[in-house]
Amino acid sequence: MSRQTASMRADYVRSDEERINWRSSVPFIAVHLVPFAAFFTGVSTRSVVLCVVLYVTRLLCITAGYHRYFSHRSFRVSRPMQFLMALAGTTAVQKGPLWWASHHRAHHRYVDTERDPHTPRKGFWWSHVGWILSDRYSATDAVLVADLARYPELRFLNRFDWIGPWALALLCLAIAGWSGLVVGFFLSTVVLWHVTFTVNSFAHVFGRRRYATADTSRNSLPIALITFGEGWHNNHHHYPPSARQGFFWWEFDPTWQVLRALRVLGVVKDLRTPSPAVRAGLTRPPVEAPSRETVSVGSD
């Protein structure tokens, strides 16, 4: 890893705008310290259950919602369900749905180039978390998410992305007291953050490459296990529109199984999956250019 990471770090030099803004990063750092308050609040059984439940449910909100739906539109849902998915996604404290989707779409469009928000070629630490702490990527690129930004309710959630997390934090406090807040909410949030970040960092450094994509994406079972299927990252970069990232039955992808169950219930429709030719590596989907429609995401 060290040799490969070192070579990546030498590929691109970060601009001044990409330096970490330590002042604006204080809240992010502070959240990492809150779980240590468990030494004073104690750890109750109820708070541990909350921690596990919130990790699982919010991870699915990111994998199925923010990633496979909002970023790639790999299935269809009703407008009310779209709103609920976006609201639930904000509770993971990874900013709003438009911000998340715009940067992920930029990652795919400019993968492993200087315009890729979190390429490991600017350093492993940068790809894992550094890019989030810089000023360059604090705004939402409305051009890349014009299809989503036309919904005023999504623009509202993107602008007021703190509503979901604060409401969930207060609910945890009400359910399990201070231990529920510290362990149930904050600890699960920190774990969820870094599990999500592994796809940007580790999944571009460790693992195997089934497909010869023009990037550093890799398939990794350990990452797939902790991210509910997102670790099949080389599969994903080979065919981004797919709602199924574990292309074969032996590839662990519980997010796909949840989406299949929701299809049976009529909640989701038109799940996109790779054809046999795509899975065999014989063809790939065309790269979709972002819409040129401009939409303001700073107002509702």
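This briefing describes a pocket, a nonpolar surface patch and salt bridges in one structure. The model is predicted, so local features need pLDDT of at least 70 and side-chain atom pairs count only at pLDDT 80 or more, whereas totals for chains, interfaces and linings use all residues. Residues are numbered from 1 along each chain as its sequence is written, and side-chain values use heavy atoms, without hydrogens and water.

**Nonpolar surface patch**
- Trp22, Ile29, Leu33, Phe36, Phe39 and Phe40 make a nonpolar surface patch of about 810 Å²; patches consist of residues with over 30% relative accessible area and no salt bridge, with nonpolar side chains (Val, Leu, Ile, Met, Phe, Trp, Tyr) joined within 5 Å and like charges within 9 Å.
- Phenylalanine 40 counts as exposed at 78% relative accessibility; buried means under 20% relative accessible area, exposed over 50%, and partly exposed in between (1.4 Å probe, protein chains only).

**Salt bridges**
- The whole structure holds 10 salt bridges, each being a side-chain nitrogen of Lys or Arg within 4 Å of a carboxyl oxygen of Asp or Glu.
- Arginine 136 pairs with glutamate 18, their closest N and O atoms being 2.7 Å apart.
- In this pair, arginine 136 is partly exposed at 32% relative accessible area, while glutamate 18 is buried at 1%.
- Arginine 79 forms a salt bridge with glutamate 153, with 2.6 Å between the closest N and O atoms.
- Arginine 210 and glutamate 251 meet in a salt bridge of 2.7 Å, N to O.
- Arginine 210 is partly exposed, with a relative accessible area of 35%, and glutamate 251 is buried, with 5%.

**Largest pocket**
- Lining the largest pocket are 44 residues, among which Phe28, Val93, Gln94, Lys95 and Trp193 lie nearest its centre; on a 1 Å grid over the protein atoms alone, a pocket is an open set of points where a 1.4 Å probe fits, with protein on both sides within 12 Å along at least five of seven lines, and lining residues have an atom within 4 Å of a point.

How values were computed. Areas by Shrake-Rupley, 256 points an atom, 1.4 Å probe, with all protein chains shown as cover.
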